[in-house]
Amino acid sequence: AELHKMAAAGAEAAAEEEKRLPEGDPESGGDSDDEGDSDSSGDGEDEEKENEAEIQRLEEQLSINAFDYNCHLDLIKLLRQEGELVKLRRARQKMSELFPLTEEIWLDWLKDEIKMASEIYEREKVYELFERAVKDYICPEIWLEYAQYSIGGIGQEGGIEKVRSIFERALTAVGLHVTKGTALWEAYREFENAILETAQPAPGSIPSPEQQQVLCSQLEKIHTLFRRQLGIPLLDMEASYAEYEEWSEEPIPETTIKSYKKALQQLEKCKPYEEALLGAETPKLAEYQAYIDFEMKAGDPARIQLIYERALAENCLVPDLWARYNQYLDRQLKVKELVLSAHDRAVRNCPWTVGLWIRYLLAMERHRVEHSIISEMFEKALNAGFIQATDYVEIWQAYLDYLRRRVDFTQDSSKELEELRSAFARAVEYLKQEVEERFSESGDPSCTIMQNWARVEARLCNNMQKARELWDNIMTKGNAKYANMWLEYYNLERAHGDTQHCRKALHRAVQCTSDYPEHVCEVLLTLERIEGTLEDWDAAVQKTENRLARVNEQRAKAAEKEAALAKQEEERAEQRKQARAEKKASKKAKKTRIGDKRKADEDDEGEWGQEEELPSKRHRGEGDGVLPEEDMEVETGLFGRSEKPDGPAVPKEKASTSRKDVPKVLHDSSKDKVTVFVSNLAYTMAEPEAKLRELFGGCGEVVEVRAVFNNKGTFRGYGYVQFGQEEAARQALALDRTAVEGRPMFVSPCVDKNKNPDFKV
């Protein structure tokens, strides 16, 4: 009878909820007072129509941009008000597939489903929903709700053991929670006490040996729960100890008292951190970090995991916190289900952070996840919307590393090797097409992916011919002027090729290198000193001497030009100084003509105020030992071939003219705090500056919009929006992923990555 009472408790609570919804609960949008007033009825109909229109608008918005988090929240709230249960369930399902849900969203969803679950198969669906809920975040309230709901099913076969199993899992997950763990322990004990009541014999009867054994076993279960709880530092431990003393007919064991006192001491150490969290404002990141450091020094893995989970529940959009947590799990706990779950939640919360995706792929490989699943996860990463081109290079490189580790290179050919080569080719094409179209750069100017491909072919596949083809392609992409690129190829040829190709490469390097020609000349002479004939030595000396003589001549000319320009600047500065002095003297002479003086001042201001000291125009390559492009050899590949242009050649004069027509975009880094960077816009957008001003006008005063155009005057799909206040810039970040002309617009802080390499959005 006692068990049936407990089973009915959940149903009664659900019935109470149902009485309040949809008429009585404010969230349902119903009216508890039936006034019978026609005006009130009319207002209700108008409100219902407005809600239906808003629901339709939100659904259309999500069809354009499924990653609009706030739009999901608004739609779910409206559907719950209107009582659209089928649509509500579907909306929640879609949101849960894209994002981990908060504790409040899960509890609302679970309560709604519990009210509708009457049949056994419906209860099973609620169980499945609870299982999904407890995986998103560590939430004591959800675990408690789960355990209490499961009590309603104790009448089914194995029901009691199922309840115990859920309680044990709940204690493992949140039983160590200093402030909220006590409620779970007490609920578990209440359940076991109810079981004990059912095992008691009827009044006045003598229990049989079997009944006595069941009683003793059940009593021991409750004793064990008390002892386990008293060994954990939880708030209000003293009350639990007093309750145990009152409940137990036997003295409390000495070992239990010792563990209780030890837990009390540990609680005193934890209290300052818990009090700091209670007094801090959300998101409490600094307080949580201090708590994490404390637990890391203590070294208890379960407590470390719990405090990380508590911190992430309130800081789920902090990539660095996820990275530290996942690193701890990877290196210390190494439990497959736990590790992969944490990595999955990390990339769902912060999909724009490439480092989290790379760690996830490594963890999946480490725990021997199936190749098809890892490949599927990589494809998801490519669609995650990274904010810079180099992120795509990193994720491709991580995936290619994984594919390379799968190959058995002792075999001449294999399915895995062909898949690796295909992936290398796809990566090169992807960076050229997809990434370059979006960012106007491939993110891989040094062709690191192609370099790695060439190393794999040379070292692991013994295919120097393919490696040379790849390096020839690398050099024709603007890298032939850099000494380090030639030396990379030379070292590969030295290790896996032959002397003839080494010599040929160094001769081309001497001819084409413009940054450090002395270095490649020295390497060529060293090669011939060790391996060359007299003829080879003479040819190398003559080539290097001629090249260095020409380099020195070009540098001397560049120095002369720079000196002449500097002299011109000095003369101009002196002229401006004299002109200002004359203007000042002229003003003093005209004091009597005040009105005319004012006008003269205005004229002078127009004449002189616009003149600024402009930096001297320097040809590309002048100064710093770098050669002008017009004075050096045309960039060629390994075999002296230039890269064929993709389109018809553009005359120099025409190209120059088109560049002059396009205004230069000047960026003031001192305004970064009031500026946002906007990207992923359509190249075909008409009047992008006006469009961006309209889009961001609601955030605050827009001081300036700077759209970026290429040399032909075509919009490049990104730009900068400068506001009058920092608060407006912060509000503008909320428009990230807003759909603009069929594409999600990316909005991020304006930060110079060269000056802040560790910056994370």
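Buried, as used in these legends, means under 20% relative accessible area, with exposed set at over 50% and partly exposed in between.

**View 1. The whole protein chain, shown as a predicted model.** By the buried cut-off, 40% of the 761 residues of the protein chain are buried. The fold holds 30 helices and five strands.

**View 2. The largest nonpolar core, with Ile142, Ile395 and Trp396 picked out.** This core has 163 residues, and those three touch the most other members. Helix α19 (residues 389–406) gives the largest share, ten residues. Domain 1 (51–275) and domain 2 (280–356) each contribute at least three residues. Apart from this core lies another one, of 19 residues, including Val705, Val721, Ala729 and Val747.

**View 3. The surroundings of isoleucine 395.** Which residues does isoleucine 395 contact, once its neighbours within four places in sequence are left aside? They are Val354, Trp357, Ile358, Leu361, Phe378, Ala381, Leu382 and Phe386.

**View 4. Helix α11 (residues 237–247) and its buried residues.** Met237, Ser240, Tyr241 and Tyr244 are the buried residues here. They sit on the same side of α11, because they cover an arc of only 100° around the axis.

**View 5. Glutamate 274 in helix α12.** Is glutamate 274 buried or exposed? Glutamate 274 counts as buried, because its relative accessibility is 5%, under the 20% cut-off. Its side chain makes a polar contact of 2.8 Å with the side chain of tyrosine 291. Beyond its neighbours within four places in sequence, glutamate 274 is in contact with Val178, Thr179, Tyr291 and Arg310.

**View 6. Histidine 507 in helix α24 (residues 499–512).** With a relative accessible area of 19%, histidine 507 is buried, since the cut-off is under 20%. Not counting residues up to four places away in sequence, histidine 507 touches Leu524, Glu528 and Lys543.

**View 7. Leucine 362 in helix α17 (residues 354–366).** Leucine 362 is partly exposed, at a relative accessible area of 34%.

**View 8. Threonine 738 in strand β4 (residues 738–740).** Threonine 738 counts as partly exposed, because its relative accessibility is 22%, which falls between the 20% and 50% limits. Where does its side chain reach at 2.6 Å? The side chain of threonine 738 reaches the backbone oxygen of leucine 735. Leaving aside neighbours within four places in sequence, threonine 738 is in contact with Asn65, Arg743, Pro744 and Met745. Leucine 695 is 43 residues away along the chain, and its C-alpha atom is separated from that of threonine 738 by 9.8 Å.

How values were computed:
Residues numbered from 1 in each chain as written. Predicted model: local features only at pLDDT ≥ 70, side-chain atom pairs only at ≥ 80, totals over all residues. Heavy atoms only, no water. Core = buried A, V, L, I, M, F, W, Y, C linked by side-chain atoms within 4.5 Å. Buried < 20%, exposed > 50% of the residue type's maximum accessible area, 1.4 Å probe, protein only. Helix = DSSP H or I, 4+ residues; strand = E, 2+ residues; numbered from the N terminus. Domains from an automatic or database assignment. Contact = heavy atoms within 4.5 Å. Arc of directions from axis to C-beta. Polar contact = N/O pair within 3.5 Å; in protein donor to acceptor, adjacent residues only side chain to side chain.
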